Amino acid sequence: MNQGKVSESPESRFSAVLVGAARLPGVRIHREAYLRRALARYCSEDEIRRAIEETPAAAGIPVDVLDKAANDSIRYETAKVSALSAAAGLPGFFALPATVPADMAQYFGHMLRIAQKLAYLYSWPDLFSDDGDDVDDATMGVLTLFFGVMFGTQSANAAVGKVAEMMAKEVARKLPQKALTKGVIYPIVKKVAAYIGVQMTKQTFAKSVSKAIPVVGAAVSGGLTFATYRPMAKRLKKHLSDSELAKPGHRVVVVEAEVVHESFVAEHAESHASDGAAVTAEGPRSS
């Protein structure tokens with residue numbers, strides 16, 4: 001019975017959807033190919049090469065240039081996910097059991113796509129290091145925090161900032177595995193996952209209602225997606241662009257950061273209670 005309760009918890013529900021979305025075709029972004037396409041309009045070949053070999057920050061690419069590339073990607077992903085969401089709204093009430101889970105999966109899949117793109121532009125390391133279906137725990141942790149930023153949770157904002165600060169301080173090019181899976185950031189990851197699981201259920205209900213009326217439901221569903229996805233992506237963009245990792249000239253080497261100050265827990269462990277989701281309103285260029 002306890003196992004049943006655990007499997008139905010908001011945290012477990014969100015984690016299951018996140019892993020499922022990460023396994024969808026086309027969700028994982030190839031860092032090198034993406035950076036080459038995204039920066040082609042704005043940077044020299046030498047800058048692009050350095051951005052790929054090291055990071056955009058190490059290549060000295062100004063944040064305002066990265067912001068332009070980020071906006072291109074946000075427009076592209078917003079248009080794509082909104083169109084797919086509208087299409088999923090067409091079947092009507094009797095198709096709800098099939099369309100709502102599919103719509104939620106593709107919505108989260110596009111959140112993963114934009115999270116990866118923004119992370120790579122603002123000098124985070126490759127989040128999926130192999131071609132397998134598995135998602136390692138550290139990647140799950142940082143993606144959960146990215147989603148938390150997109151949903152407007154203050155504890156996620158603080159935790160992402162702390163991870164970026166750790167990596168910048170230790171000139172690291174890998175995620176801090178210990179901090180994200182066992183250390184002081186891990187409890188925040190769990191709280192954020194539980195929070196998003198609750199919001200995810202509310203969002204599913206809203207989409208279910210919008211799909212109950214064919215055609216009209218399609219327009220409402222697509223509009224609802226547009227009105228939520230774009231500002232969530234913008235929120236993550238702003239947060240990542242302000243981080244230590246995005247500052248021009250910041251160099252990285254292949255070293256793993258593990259150190260984190262315990263004072264972070266005292267300051268943020270209870271912050272989840274005041275978390276709120278301000279899910280509201282921005283968008284094709286490529287990717």
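Student: Which pattern does the chain follow, read along the sequence?

Tutor: Helices and strands are DSSP runs, numbered from the N terminus; a helix (H or I) needs at least four residues and a strand (E) at least two. Here the pattern is α-α-α-α-α-α-α-α-β-α-α-α-β-α. That gives 12 helices and two strands.

Student: What kind of model is this, and how are residues numbered?

Tutor: This is a predicted model, where local features need pLDDT of at least 70, side-chain atom pairs count only at pLDDT 80 or more, and totals for chains, interfaces and linings use all residues. Residues are numbered from 1 along each chain as its sequence is written, and side-chain values use heavy atoms, with hydrogens and water left out.

Student: How many of the residues count as buried, as a percentage?

Tutor: Start with the cut-offs. Buried means under 20% relative accessible area, exposed means over 50%, and partly exposed lies in between (1.4 Å probe, protein chains only). Of the 287 residues in this chain, 50% are buried.

Student: Which residues have the most contacts inside the largest nonpolar core?

Tutor: In soluble globular proteins, nonpolar side chains tend to be buried together. A nonpolar core is a set of buried Ala, Val, Leu, Ile, Met, Phe, Trp, Tyr and Cys residues joined through side-chain atoms within 4.5 Å. The largest one here has 74 residues, and L39, L121, W124, F146 and I185 have the most contacts inside it. Helix 6 (residues 96-121) gives this core its largest share, 10 residues.

Student: How many aromatic pairs does a search of the whole structure find?

Tutor: Rings of Phe, Tyr and Trp (its six-membered ring) pair if their centres lie within 6.5 Å; planes under 30 degrees apart count as stacked, over 60 as edge-to-face and the rest as tilted. The search finds four pairs. One of them joins F108 and F147: the ring centres are 5.5 Å apart and the planes meet at 55°, so the pair is tilted. F108 lies in helix 6 and F147 in helix 7, so the pair ties together parts that are 39 residues apart in sequence.

Student: Are F108 and F147 buried or exposed?

Tutor: F108 is buried, at 0% relative accessibility. F147 is buried too, at 0%. Ring pairs also link F14, F108 and F147 into a cluster.

Student: What span should helix 7 have?

Tutor: The expected span of a helix is 1.5 Å times one less than its number of residues. Helix 7 has 14 residues and should span 20 Å; its end C-alpha atoms are 20 Å apart, which agrees. The helix is mostly covered, with 13 of its 14 residues buried.

Student: What lies at the start of helix 7, and what follows the helix?

Tutor: A polar contact is a pair of N or O atoms within 3.5 Å. Within protein, one must be able to donate a hydrogen and the other to accept it, and residues adjacent in sequence count only if both atoms are side-chain atoms. At the start of helix 7, a side-chain oxygen of D136 reaches to within 3.1 Å of the backbone nitrogen of A138. After the helix comes G152, with a positive phi near 85°.

Student: With which side chain does K117 make a polar contact?

Tutor: K117 sits in helix 6. K117 is buried, with a relative accessible area of 0%. Its side chain makes a polar contact with the side chain of E77, at 2.6 Å.

Student: Which residues does T139 contact?

Tutor: Contact means heavy atoms within 4.5 Å. T139 is in helix 7 (residues 137-150). T139 is buried, at 3% relative accessible area. Leaving aside neighbours within four places in sequence, T139 contacts L127, F128 and L175.

Student: Where is F128 found?

Tutor: F128 is in the loop between helix 6 and helix 7. F128 is buried, with a relative accessible area of 9%. Not counting residues up to four places away in sequence, F128 touches several residues, including A22, Y120 and T139. The C-alpha atoms of F128 and A22 are separated by 9.6 Å, although these residues are 106 apart along the chain.
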